[in-house]
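My notes follow in the order I made them.

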Amino acid sequence: MRTKAQVPEENTRPLNPPQPVPQPGKHRRLMTTPKTQKKSPNTKKIIITVLMVVVILAILAVAAFFIKQLIESKYYFCSKSVKFIPLEKACDGKEDCSGAEDESSCVMKFGANSTFPLRLISTQNVLQVFSSDENEWKSVCAESFTQQHAETVCQLLGYSVKPSFSTVPVGPLPSDLKMSFCMVGSSKPQTFQSTTSNRKVCTQGTVVTLKCSEECGVSRNQERIVGGQDAIIENWPWQVSLQNNGQHTCGGSLVSPNWVVTAAHCFNGDGKKALIRWTVVSGNTYLGSSGASSVDKVIVNRDYRPPRNDYDIAMIRLKSPITVGESRRPVCLPPQDLGLTGGDNVVVTGWGHTLEKGNLSPKLQKAQIQLIDRAKCSSPAVYGSSVTTNMICAGYMEGKVDACQGDSGGPLVYSSGRWMLVGVVSWGVGCAREGRPGVYTNMDLMLDWVYSVMKV
């Protein structure tokens with residue numbers, strides 16, 4: 001049976017009905033201001049503000065530095081009693097600060113009361129021991145001498161770097177080096193001399209030669225001031241600048257990682273006795289204050305006399321040893337009786353005036369000059385009796401090349417495989433004048449004092 005299919009009702013709604021047209025005033029959204037995103041802060045203004053703050057802080061820091069420099073140039077600050085005293089009252093022998101603070105860290109004087117009992121002598125660095133009982137020097141025989149002995153001797157001479165030693169035959173030595181001998185036994189640092197025993201001859205026919213430092217006197221360039229030439233610190237790495245209150249005052253020479261040799265006259269005058277005012281700047285070709293080391297001690301030779309500049313030598317101990325490298329390296333101390341004569345070539349370096357009454361050189365200078373015979377330098381036509389045995393002269397009698405103000409205390413060096421400190425810039429009449437060569441402290445006669453100081 002068939003059923004009747006249902007027919008759906010007719011749908012009159014169109015598939016796509018037209019959108020109703022809004023009537024005026026009806027079904028219309030209110031017109032409102034469109035929402036806008038919040039603006040980010042003005043980056044440019046922030047950068048300008050930050051830069052202004054930095055500039056202001058920099059100006060304040062610079063101003064504070066110069067104010068501090070100005071105050072320190074005239075006053076000494078007593079930190080315990082929190083007060084300032086005139087600079088000339090510091091280190092004047094009177095207590096002006098509580099606890100004698102102003103007298104506790106000052107330049108001191110020291111004199112060697114006896115002959116230092118060890119020395120290296122001649123170009124061969126022969127080791128000798130002084131016998132106070134017999135008042136003579138004795139060359140050390142090679143038999144029984146060990147590396148331990150070498151280390152002990154060099155420690156007593158102020159060196160801590162591992163040394164080296166060798167032997168030389170007695171026969172070719174000068175007669176004064178083979179007149180008396182001794183031999184060493186067991187060695188302790190404090191009792192080295194007491195371990196020696198006298199010998200008429202050395203059984204093996206050889207004596208000890210010693211090098212206390214393999215690092216001294218080496219520069220990057222082994223090339224062989226007024227009239228000087230530009231230099232770089234890597235070629236003269238022992239050269240330092242002594243600065244008082246941040247100002248270059250003198251030169252100096254590193255002779256070990258924590259000792260500097262300079263001139264005693266650098267510490268003459270008010271404001272130069274308090275250690276806190278001094279720094280030692282090393283490792284720089286150009287004058288500046290970077291690489292400054294604090295000063296622990298300044299020791300002036302007790303026999304120094306300002307009017308004559310005799311014994312014009314001082315030593316500075318640094319609070320921390322310098323790190324040895326290409327631009328910082330000690331110069332070698334010479335053996336005694338090196339045997340230099342007039343005409344031998346030497347080199348002086350420093351940042352001193354490039355003209356008499358001129359200005360400091362901003363860059364390190366070097367000048368090759370010649371030793372001048374003592375008889376000529378001490379003649380009435382030159383310096384006469386003003387030149388003592390503790391001095392040597394170097395330069396040219398015709399002038400033109402010389403050390404000058406600001407070079408004081410700096411090195412006069414001689415090369416014999418390694419650079420050795422043979423003189424300290426001391427004094428002269430003018431700079432590079434004809435017939436007025438430079439005068440230097442004679443290191444050959446100061447070695448006994450230097451070794452005694454380094455042992456203190």
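Entry 1. The model is predicted, so I am reading computed geometry. I began with the link of Cys91 and Cys106, which is left-handed, with -85° about the S-S bond. The pair links distant parts of the chain, 15 residues apart. I found Cys91 in the loop between β2 (83-86) and α2 (101-104). Cys106 is in the loop between α2 and β3 (108-110). The S to S distance of this disulfide is 2.0 Å. I checked burial as well: Cys91 is buried, and Cys106 is buried too.

Entry 2. How many disulfides does the structure hold? I noted eight. I wrote up the next two below.

Entry 3. I looked up Cys377 and Cys393, which are joined by a disulfide with an S to S distance of 1.8 Å. The torsion about the S-S bond is about -75°, so I logged this disulfide as left-handed. Cys377 lies in helix α4 (residues 374-377) and Cys393 in strand β20 (residues 391-395), so the pair ties together parts that are 16 residues apart in sequence. Cys377 and Cys393 are both buried.

Entry 4. I then went to Cys404 and Cys431, where a disulfide has its sulfurs 1.9 Å apart. I found both Cys404 and Cys431 buried.

Entry 5. The cut-off for a disulfide is 2.5 Å. I also looked up the accessibility of Cys182: the relative value is 1%, so this residue counts as buried. The cut-off there is under 20%.

Entry 6. Last, I turned to the annotated segment. An unreviewed UniProt entry gives "transmembrane region" for residues 46-67. I compared this record with the model's secondary structure. The span of residues 46-67 is 100% helix and 0% strand. I also noted the distance between the end C-alpha atoms of residues 46-67, which is 31 Å.

Terms used:
Residues are numbered from 1 along each chain as its sequence is written. This is a predicted model: local features need pLDDT of at least 70, side-chain atom pairs count only at pLDDT 80 or more; totals for chains, interfaces and linings use all residues. Side-chain values use heavy atoms; hydrogens and water are left out. Helices (H or I, at least four residues) and strands (E, at least two) are DSSP runs, numbered from the N terminus. Buried means under 20% relative accessible area, exposed over 50%, partly exposed in between (1.4 Å probe, protein chains only). UniProt positions are given in the numbering used here, feature names are shortened, and annotations may be inferred rather than shown by experiment.
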